[in-house]
Amino acid sequence: MRSRKSANAPAKTSAQKTAARKKSPQKRNADVTRAKILQAALSEFGERGLPAVSTDDIAERCGVNKRMIYYYFGSKEGLYLAALESVFENLVARERDINIEHLEPAAAIEAIINLKIDYYLENPRFISFISMENFYKACHLRKSSKLGMFKSTLTDVVARILKRGQSSGQFRQDVEPVDFYVSLCALCIMYFSNQHTLGVIFGREMMSRPNIERRRRTVIDFVLRYLQMPDAIELPATPRKAGRLASLIS
């Protein structure tokens, strides 16, 4: 009897199929809870660092049961990794959306520098997380299943811009795209990652608008003057001694 009833059951209408495909209220609530936990983790870890923050702190901040943290993220370290991944994902998304292929080479490079400085200015959590993860020697980032997507899409864009500038005679010929991109990032991010120590040493309000705009102009001038050098400067190779090298703290 059951099988005959099942066989004779009316087929689902198109509207019913559409409704079935939509997220259930339970799924929507789960997404909201997970997002709340992640936002609280971004704030807590970004402000206080990994060791000082507990799951109790995060649960209290976002108003959820602590068990939900373990349900969605497995552990405090798992939640930290998810927060770390999210700041990289946001940067990659910003870099992916930049539209500069139509600009002449020097203007395109300037647009990339502006994107970097604006992102660091608007997202201080990124600075906190990248400083923390470098302190931990990227031990958490190494575990990320999303590591492949964090390779900057801008390196390919930079390579094409450099090639255009070199073909037109505007840019020097000996610039390697990835090395150039790393150098550009360093010129931009160091100002923000070291703002507190440099501010104390030089007695300067590093994050004031005039000082940030001065830094922006300085980086643009540095980079464009480097690219527009007519000839590469050959530097003699410096012999390195074997053994441990001293680190510079910056």
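In what order do the elements of the protein chain run from the N terminus on? They run α-α-α-α-α-α-α-α-α-α-α-α, and the secondary structure comes to twelve helices and zero strands, where helices (H or I, at least four residues) and strands (E, at least two) are DSSP runs numbered from the N terminus. This is a predicted model, in which local features need pLDDT of at least 70 and side-chain atom pairs count only at pLDDT 80 or more, while totals for chains, interfaces and linings use all residues. Residues are numbered from 1 along each chain as its sequence is written, and side-chain values use heavy atoms, with hydrogens and water left out.

**The chain as a whole**

- Of the 250 residues of the protein chain, 35% count as buried, a term that means under 20% relative accessible area, with exposed meaning over 50% and partly exposed in between (1.4 Å probe, protein chains only).
- Among the contacts in the protein chain with a separation of 6 or more, 69% come from residues 24 or more positions apart, a contact being heavy atoms within 4.5 Å.

**Aromatic pairs**

- The structure holds eleven aromatic pairs, counted where rings of Phe, Tyr and Trp (its six-membered ring) have centres within 6.5 Å, with planes under 30 degrees apart taken as stacked, over 60 as edge-to-face and the rest as tilted.
- One of the pairs joins phenylalanine 88 and phenylalanine 126 in an edge-to-face arrangement, at 5.5 Å centre to centre and with 70 degrees between the planes.
- Because phenylalanine 88 lies in helix 6 (residues 76–97) and phenylalanine 126 in helix 8 (residues 124–135), the pair ties together parts that are 38 residues apart in sequence.
- Phenylalanine 88 and phenylalanine 126 are both buried, and they belong to one aromatic cluster that also takes in Tyr119, Tyr120, Phe150, Tyr191 and Phe192.

**Helix 6 and its surroundings**

- The axes of helix 6 and helix 7 (residues 105–122) come within 11 Å and cross at roughly 145 degrees, where axes are lines fitted to C-alpha atoms, for helices over the stretch in contact, and angles run from 0 to 180 degrees between N-to-C directions.
- Helix 6 passes helix 7 in a right-handed crossing; a crossing is left-handed if the near helix is turned anticlockwise from the far one by less than a right angle, and right-handed if clockwise.
- On the helix 6 side the contact involves Val87, Asn90, Leu91, Arg94 and Glu95, which meet Leu115, Lys116, Tyr119 and Glu122 in helix 7.
- The residues of this contact divide into four nonpolar, one polar and four charged, where Ala, Val, Leu, Ile, Met, Phe, Trp, Tyr, Cys and Pro count as nonpolar, Asp, Glu, Lys and Arg as charged, and the others, Gly among them, as polar.
- Serine 86 also has its place in helix 6 and is buried, with a relative accessible area of 9%.

**Leucine 184 in helix 10**

- Leucine 184 sits in helix 10 (residues 177–193) and is buried, with a relative accessible area of 1%.

- The buried residues of helix 4 (residues 55–62) are Thr55, Ile58, Ala59 and Cys62.
- Seen down the axis of helix 4, these buried residues fall within an arc of 100 degrees, so they line one face of the helix, the arc being that of the directions from the helix axis to the C-beta atoms.
- Just after helix 4, glycine 63 takes a positive phi of about 70 degrees.
- Lysine 137, in the loop between helix 8 and helix 9 (154–167), has a positive phi near 60 degrees although this residue is other than glycine, and lysine 137 is exposed, with a relative accessible area of 63%.
- Alanine 138, also in the loop between helix 8 and helix 9, has a positive phi of about 60 degrees without being a glycine, and at 22% relative accessibility alanine 138 counts as partly exposed.
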